[in-house]
Amino acid sequence: MSQFVWPAVNDECDEFWKDVFETAVLPHLNAYELWIVKQTCSAMRAKVERHLTLHPALDLILRPFFPNAASAFVQVLRQTKAYVSGSAALAYFTRNVNRDRVGDLDIYVVVAAADFIATFLRKQGYHFVPYQWQSHFEEFRSDERLRPYLGEHILDVLNFNNGDETVQLIVVKSSPLAAVLDHHSTVVTVFMDGYHAACLYPELTFKLKVNVAGCGTKTRELSARKKYEDRGWRCISRRDELNGLREMYL
């Protein structure tokens, strides 16, 4: 009886399959599947981290907002230490870049850097669309009687529109990341800076399709939860409903 012998693999062949894995396999994995691959070995961990840094899905998400300046916008994120979160960041992980799923582009930035990003948006053809309490984008009004939904981290929300797309500049008092982590639901505790993308609950969000949300009953909170229910996530408002499921991190 003959014995099976694995074929010899030379360096050229090995590099070929490495390229196939990075270009034809990783792009089709969601955040939970990437997390599984990342646990296999140090080499796979490095590949996943590189993939999350350089994956072209980011360009597909940004292109509708900045057709000729997606790379420039990434540089703006790096310079200002701002974060992209919300539906656009979620679309990066789900690989669903359908325009209806991406929604608006939410940028979280400290007040000192807001003018820098606002100037960039204007150069890309966006104009400031004020709420009733706003007159100029430099004037931030933190009166909670006007906007009680903003929470302790957010100073103001500035809308910019170019006729087709909307960018929300979410101005925070000190830490963009703290504002992101104060989101109403676990499904949107995803974020990207100019270097990396992160998802805090990959198993919960992408394998189990569960969204742990706050118990607020205001119209805005109910609407936010319903948006993700309509997109296929089961919403629960009490952590004990998880029945002991572990929370995993990417």
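Reader: Which residue in β4 stands opposite histidine 127?

Author: In this predicted model, the residue facing histidine 127 is asparagine 161 of β4. The contact belongs to a pairing of strand β3 (residues 127-129) with β4, which is antiparallel and runs over three bridges.

Reader: Which residue is the bridge partner of asparagine 161 in β5?

Author: Threonine 166 is the partner of asparagine 161 in β5. Strand β5 (residues 166-172) pairs with β4 in the antiparallel sense, over seven bridges.

Reader: How many residues lie between β4 and β5 in their hairpin?

Author: Four residues separate the two strands of the hairpin, and glycine 163 in that turn has a positive phi of about 100°.

Reader: How many residues of strand β4 are buried?

Author: A residue counts as buried when its relative accessible area is under 20%. For strand β4 (residues 154-161), eight of its eight residues are buried.

Reader: Let us turn to a helix. Which residues of α5 are buried?

Author: Within helix α5 (residues 70-80), the buried residues are Ala70, Phe73, Val74, Val76, Leu77 and Thr80. They lie on the same side of α5, because the arc they cover around the axis is only 155°.

Reader: Which exposed residues does the face of α5 turned away from the buried side carry?

Author: The cut-off for exposed is over 50% relative accessible area. On that face of α5, the exposed residues are Ser71 and Gln79.

Terms used:
Residues are numbered from 1 along each chain as its sequence is written. This is a predicted model: local features need pLDDT of at least 70, side-chain atom pairs count only at pLDDT 80 or more; totals for chains, interfaces and linings use all residues. Side-chain values use heavy atoms; hydrogens and water are left out. Buried means under 20% relative accessible area, exposed over 50%, partly exposed in between (1.4 Å probe, protein chains only). The arc is that of the directions from the helix axis to the C-beta atoms. Two strands pair if DSSP finds at least two bridges between them.
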